[in-house]
Amino acid sequence: MRGRRNRQRDHHRGAELTRFDVLVVGTGHAGVAAAIHLRQAGFAGSIALLGEETELPYERPPLSKDYLLGTRGREEFRFRTADFWADKGVALVPGERVERIDPQARTVACASGREIGYSELVWTAGGRARRLGNAHVIRTLDDVDRLKEALTDARSVLVIGGGWIGLEAAAALTKLGKRVTLAEREPRLLARCSGHALSDFLADRHVREGVDVRLGVADIDSSAFDLVVAGIGIEPEGGPLLDAGAEGGNGVLVDELGRTTLPHIWAAGDVALHRNPFGPDRPIRIESVQHATDQAACVARAIVGAPAPYAAMPWFWSNQYDLKLQTVGLSHDHDEELVRGDPASGRFSILYRRKGKVIALDCVNMVRDYVQGRALIERGSEVEASLLTDAERPLKSLLE
Amino acid sequence: MPIINVTTRDGHSRAIEGKPGRSLMENLRAGGIEEILALCGGCCSCATCHVYVDEAWSAALPPMSEDEDDLLSTSGAREGNSRLSCQIPFGPALDGIEVTVAPED
C-alpha cells in the first residue's frame, strides 16, 4: 500500500509541479515589498506571490481604522492593481496555504495538495491573530467584514487587549457610536511596548472619549456585552519552517540579510526573529509596516546579489481620535523615560534612554520631534536630560 | 478622465489616468508607479511618496501643512517644489499636472 501511495504522489508531482525562481509566501506588506523590490533591483526570473487569502494584496493598517470606520472602501487600499502584477510578471497564487516545506527538493506542499517548487523561498507569512473563544479579531479584510456585519445589531462592545489594535479598535468603535469597554490584563495600556507616560495619557484620553477602560483585569464576563473583539496579539506563522528544521521558536530566526538557517530560505516581517541594530542584544520580532517593508527589501537585494545588512531605523504610527502617534527607534530595555512638553496639551513626546543614550521616541501630535529625534538615536549622543525635556528647544539644536 | 504626467526615477515619462477624489499618491500607486512606496498609507507619517511638482502647478496646490514640511525636511533630496503626494487631493483642477518621483533617500 505504502509503495503505491508514494508512486501516486511521485506521479502527481511530476505532472503538476510548477517551479518559480522566487516563491514568496505571504501577501502582506513584506511579501509585496519582496516582489516589488526584486523587480526594482532588476531581477528577471519568475516570481510568485502565494497567500491564503483570495483578495488582491492589501494594506493592513486601515483595517482597524478607516476600513472599520467605513471611511475608505475595500478597493481603496489595495497595494496594486491586478494589471500591475501582470505587468511586473508576478504570478499571484491566491487561496493556498503552505503546510510543508522540503528544503532539499526545494518544494512546498499546500493544504490543497498542490506542490510548488522554488529556487529561493521568501517566507513572509506574518502571523495569525490569537483567538479568544468566539471573539472577533482584526487581522484580515474578512475579519473586519464579519465584525462590521455583526456591529449593525451591537450597542455595547467589549474590546479585550490594550495594545495598539485594541486601542485603535476602541477609538473607531466609539466613533461609530458604540458603548465600548476596554479590558487589559496588565495594570496599564501598551505595557509591552511603551512607557508609563504614554499609557497614562492614552488611558485618560480613551476615558474622556467615553471608553470604559478597565486595567489589571484577569477575567471578565463577556456575556454582558453584545459583541467582543480580541486584540491580544499574533502567533507567528513559522510552523512549516520550524518543522523543516529551521531555528526559531517564537518566529523564525534570520541573520542580518534575512537568511533562515535552512538553505535558500529567507524570512522577513512579523515572523522574522532577528537582531535589530537598534534593538536589544537578543533576537526580537517587530510587527510594523516599516520593518516588513525594509527587511523584505533587504532580502530582495541579497537575492539579486547586492547584499547589505538590515539596518533600517524602526518607525511606527497609530491614529486614534485626532491623535497622531509616531514612534521612532525601539524602547526595549530603556532605563529612563523623559517627558518633553505637556501631555495635558495633547502635543508632547517621550524620550527613552538606555545608559544615557536616546534609543526611542514616542511622539503625540509632534511630527517635528519625531523627525528630529531620529538623528539623536542615530548618533547615540549623550545629551543632558534638562535639555531634552526643554520643549522650547528643537531637538535638532541638541545634535553635536 | 483627468491625466497625471509622471516622470519616474529612470527618466521615463508616463501619463496615467487620475481618479478625482483620491490623493495624488493613491493615483500614482494605482497607476503602477512602484517607486511610490507610501508606507504609511497616506496619513503623513513617512516621506515615501515624495514628488517634485512642476513649478507651473504650484499655485494650484493646497498649502503645505507643518507636518508635511517637517517630514519633507527628513529628505536629503528636498527641493523648492517638493511635496508629499499623499497630501494633495487630485481633481479636475490638476488635469495635466506634471510630477517627478523624487530620488530614494
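**Close-up 1. A:Gly356 and the residues it touches.** In this predicted model, where local features need pLDDT of at least 70, side-chain atom pairs count only at pLDDT 80 or more, and totals for chains, interfaces and linings use all residues, let's start with A:Gly356, which touches A:Ser381 and A:Glu382, not counting residues up to four places away in sequence (contact means heavy atoms within 4.5 Å). A:Gly356 sits in the loop between strand S20 (348-354) and strand S21 (357-364) of chain A; helices (H or I, at least four residues) and strands (E, at least two) are DSSP runs, numbered from the N terminus. Along the chain A:Gly356 and A:Glu382 are 26 residues apart, yet their C-alpha atoms are separated by 5.8 Å. A quick note on reading the labels: residues are numbered from 1 along each chain as its sequence is written, chains are lettered from A and ligands numbered from 1 in the order in which they are written, and side-chain values use heavy atoms, with hydrogens and water left out.

**Close-up 2. Where chain B meets chain A.** Here 24 residues of chain B are in contact with 26 residues of chain A. The area buried between the two chains is about 2100 Å², with carbon and sulfur atoms giving 49% of that; buried area is the accessible area (1.4 Å probe) that two parts lose on being put together, summed over both. On the chain B side, B:Arg29, B:Glu34 and B:Leu39 lose the most area to chain A, together 33% of what that side buries.

Close-up 3. How many salt bridges does the rule find across the interface of chain B and chain A? There are four, a salt bridge being a side-chain nitrogen of Lys or Arg within 4 Å of a carboxyl oxygen of Asp or Glu. A:Lys88 and B:Glu34 meet in a salt bridge through their side chains, at 2.9 Å from N to O. Between chain B and chain A, nine residue pairs are in polar contact (both at pLDDT 80 or more); that means a pair of N or O atoms within 3.5 Å, where within protein one must be able to donate a hydrogen and the other to accept it, and residues adjacent in sequence count only if both atoms are side-chain atoms. Helix H1 (24-30) and helix H2 (66-72) of chain B are the elements that give two or more residues to the side touching chain A, and H2(B) gives the largest share, four residues.

**Close-up 4. A parallel sheet in chain A.** Four strands line up as S10-S9-S8-S11 in an open sheet with parallel pairing (two strands pair if DSSP finds at least two bridges between them). Strand S10 (212-215) and strand S11 (227-230) of chain A stand at the edges with a single partner strand each, so one side of each has no neighbour in the sheet. Strands S8 (residues 156-160) and S9 (residues 179-184) of chain A are joined by five bridges, and A:Leu158 has A:Thr181 in S9(A) as its bridge partner. Helix H6 (residues 164-175) of chain A packs on the sheet, touching S8, S9 and S11 of chain A, and its direction makes about 170° with that of S9(A); axes are lines fitted to C-alpha atoms, for helices over the stretch in contact, and angles run from 0 to 180 degrees between N-to-C directions.

**Close-up 5. A mixed sheet in chain B.** This open sheet has five strands in the order S2-S1-S5-S3-S4, with mixed pairing. Strand S1 (residues 3-7) of chain B runs antiparallel to S2(B), and five bridges join them. B:Thr7 stands opposite B:Ser13 in S2(B).
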